Amino acid sequence: MGPYNHPGWCARGHRCNLGEHRATPAVMQIDGVGKVLVTRVLGANGRERLEVTGSAYLHATGQAANKQVDRTLRGLAHVMADAASPAGAGAGR
């Protein structure tokens, strides 16, 4: 922890509020696919988490777009479960 009990990665300033510490968001732009922002957060309860915000382009037809949404949600569930496992990312592989 740095001055005023901020972790070294905390962005401080207006990002740090309500008892939380927030890093500067990392942005990944994927040409033709979309964009993802991830932010490391230390909650007021003392637990760290990763907030993920993103957008992806969907197919022009409803059925294909529905499949994309379904695949994306299943993939995110897998990634999040893996990241939250006690052994960390990649556990069980």
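# Exercises on a predicted model

Along the sequence, the chain runs in the pattern β-β-β-β-α. The model you are looking at is predicted, so keep that in mind as you work through the exercises.

## Exercise 1: Exploring the largest pocket

**Task.** Describe the largest pocket: how much space lies in it, and which residues lie nearest its centre?

**Solution.** 
- Step 1. Start with the volume. The largest pocket holds about 790 Å³ of space.
- Step 2. Next, look at the lining, which is made by 27 residues. Nearest the centre of the pocket lie Val36, Val52, Leu76, Val79 and Met80.
- Step 3. Ask where the lining comes from. Two or more lining residues are given by each of β2 (26-30), β3 (34-42), β4 (48-56) and α1 (62-84). The largest share belongs to α1, with nine residues.
- Step 4. Sort the lining by class. You will find 17 nonpolar residues, six polar ones and four charged ones.

## Exercise 2: Following Leu76

**Solution.** 
- Step 1. Locate the residue: Leu76 sits in helix α1.
- Step 2. Look at its accessibility. The relative accessible area of Leu76 is 40%, so this residue counts as partly exposed.
- Step 3. Together with Leu58, Val69, Leu73 and Met80, Leu76 makes a nonpolar patch of about 480 Å².
- Step 4. Link this to the pocket. Leu76 and Met80 are also among the residues nearest the centre of the largest pocket.

## Exercise 3: Tracing the salt bridges

**Task.** How many salt bridges does the structure hold, and with which residues does Arg22 form them?

**Solution.** 
- Step 1. Note the total: the structure holds six salt bridges.
- Step 2. Take one partner of Arg22. Glu20 is bridged to Arg22, with 3.4 Å between the closest N and O atoms. Both Glu20 and Arg22 are buried.
- Step 3. Take another partner. Arg22 also forms a salt bridge with Glu51, and here the closest N and O atoms are 3.0 Å apart. Because Arg22 lies in strand β1 (residues 21-22) and Glu51 in strand β4, this pair ties together parts that are 29 residues apart in sequence.
- Step 4. Visit a further bridge, between Glu48 and Arg40, whose closest N and O atoms are 2.6 Å apart. Glu48 is partly exposed, at 41% relative accessible area, and Arg40 is partly exposed too, at 38%.

## Exercise 4: Sequence distance and spatial distance

**Solution.** 
- Step 1. Val38 belongs to strand β3. With a relative accessible area of 28%, Val38 is partly exposed. Between Val38 and Val52 there is a separation of 14 residues along the chain, while their C-alpha atoms are 4.6 Å apart.
- Step 2. Glu51 is placed in strand β4 and, at 26% relative accessibility, counts as partly exposed. Glu51 and Leu37 are 14 residues apart in sequence, with 8.1 Å from C-alpha to C-alpha.
- Step 3. Ser55 is found in strand β4, and its 46% relative accessibility makes it partly exposed. Ser55 and Gln29 are 26 residues apart in sequence, and their C-alpha atoms lie 9.8 Å apart in space.

Terms used:
Residues are numbered from 1 along each chain as its sequence is written. This is a predicted model: local features need pLDDT of at least 70, side-chain atom pairs count only at pLDDT 80 or more; totals for chains, interfaces and linings use all residues. Side-chain values use heavy atoms; hydrogens and water are left out. On a 1 Å grid over the protein atoms alone, a cavity is a set of points where a 1.4 Å probe fits but cannot get out, and a pocket is an open set with protein on both sides within 12 Å along at least five of seven lines; lining residues have an atom within 4 Å of a point. Grid points are joined across faces, edges and corners, and a volume is the space filled by probe spheres set on the points. Helices (H or I, at least four residues) and strands (E, at least two) are DSSP runs, numbered from the N terminus. Ala, Val, Leu, Ile, Met, Phe, Trp, Tyr, Cys and Pro count as nonpolar, Asp, Glu, Lys and Arg as charged, and the others, Gly among them, as polar. Patches are made of residues with over 30% relative accessible area and no salt bridge: like charges are joined within 9 Å, nonpolar side chains (Val, Leu, Ile, Met, Phe, Trp, Tyr) within 5 Å. Accessible areas come from the Shrake-Rupley method with a 1.4 Å probe; for residues, only the protein chains shown count as cover. A salt bridge is a side-chain nitrogen of Lys or Arg within 4 Å of a carboxyl oxygen of Asp or Glu. Buried means under 20% relative accessible area, exposed over 50%, partly exposed in between (1.4 Å probe, protein chains only).
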